[in-house]
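Dear colleague,

I am passing the structure below on to you, together with some notes on what came out of going through it. Please read the notes with the coordinates open beside them.

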Amino acid sequence: MADLLSKITTNGKALYLAYDQGLEHGPIEFNEKCVDPNYVLDIATAGGYNAIIFQKGIASKYYKGSKYEQKIPLILKLNGKTNLYKGEAYSPQICEVDEALKLGASAVGYTIYAGSEHEAKMFKEFGKIVRDAHSHDIPAIGWIYPRGKNIPNDTAGEIIAYAARIGLELGADIVKIKYSGSKESFRWAVRSAGKTKVVLSGGVKVNEDQFLKVIKDIIDAGAIGAAIGRNIWQHENPLEITKKIKEIIFG
Ligand code: FBP
């Protein structure tokens with residue numbers, strides 16, 4: 001499994017720059033600078049991130065065939081939804097593994113809203129994605145976010161540990177989970193994920209010290225790193241905070 005992750009890790013650790021929020025939340029997340037995917041690609045390459053995360057539209061227009069393609073690996077997100085959709089949580093698949101490979105992807109990602117009424121559909125789609133990805137020797141990353149009317153607190157310690165375990169059970173190579181609120185509860189999530197590696201999902205932009213403390217907690221707890229967006233490209237100095245985060249993750 002270590003070989004499968006070698007293109008998107010450094011000594012078993014990882015830092016990914018996520019930029020799929022334009023679909024998930026809309027341009028409300030952006031300012032004049034970070035609305036431009038090239039701005040984010042510049043941060044990712046200059047900051048030495050292990051990979052950039054895009055949906056297929058941005059991957060085809062800004063990454064494939066560009067100067068960035070040789071500089072930074074791509075993780076292609078295969079499903080997505082908008083904030084405008086208010087139904088029970090479901091994120092349909094909008095791209096196949098073979099399309100991702102044509103766009104230059106070194107790994108694929110997929111969001112599962114565990115506990116949602118549509119859980120079964122997402123499990124089925126992800127099952128095929130894991131199979132297809134592994135048949136092409138690339139890793140599959142599960143964004144596992146328990147969500148829906150049955151999940152009153154989606155960041156409770158036992159819920160986050162369950163999310164991590166779901167990743168292991170479904171065959172994800174890496175599981176991307178939210179912070180559970182403490183180092184101890186996150187450690188249990190990492191234990192629950194077993195041989196599936198764990199990365200943190202960032203969340204809304206917060207005070208820098210607060211964010212660095214979370215990064216330290218999750219690394220102490222055994223996570224391999226983080227897949228984050230807003231706390232970086234909304235930051236007034238993205239490369240400065242990147243450097244601090246890398247010191248914690250890579251030592
Ligand atoms: P952030 O670090 O900006 O939170 O990005 C991580 C991420 O998983 C993105 O990949 C995704 O767009 C977003 O969070 C989804 O967040 P949510 O579903 O909680 O609104």
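Does C34 count as buried or exposed, and what is its relative accessibility? In this predicted model, C34 counts as buried because its relative accessibility is 0%, and the cut-off for buried is under 20%. C95 is buried as well, with a relative accessible area of 2%.

Turning to the fold, 8 strands close into a barrel with parallel pairing, in the order β1-β2-β3-β4-β5-β6-β7-β8. Neighbouring strands of this sheet are turned against each other by 25 degrees on average, direction ignored.

Helix α2 (residues 37-46), for its part, lies across β1 (14-18) and β2, and runs at about 155 degrees to β2.

I52 deserves a separate word. Its contacts, leaving aside neighbours within four places in sequence, are L17, V40, L41, A44, Y63, I72, P73, L74 and I75. The largest nonpolar core has 85 residues, of which Y16, I52, F186 and I245 touch the most other members, while helix α8 (residues 208-220) gives the most to this core, with 6 residues.

With best regards

Note on methods: Residues numbered from 1 in each chain as written. Predicted model: local features only at pLDDT ≥ 70, side-chain atom pairs only at ≥ 80, totals over all residues. Heavy atoms only, no water. Pairing = 2+ DSSP bridges. Helix = DSSP H or I, 4+ residues; strand = E, 2+ residues; numbered from the N terminus. Axes fitted to C-alpha atoms, helices over the stretch in contact; angles between N-to-C directions. Contact = heavy atoms within 4.5 Å. Core = buried A, V, L, I, M, F, W, Y, C linked by side-chain atoms within 4.5 Å. Buried < 20%, exposed > 50% of the residue type's maximum accessible area, 1.4 Å probe, protein only.
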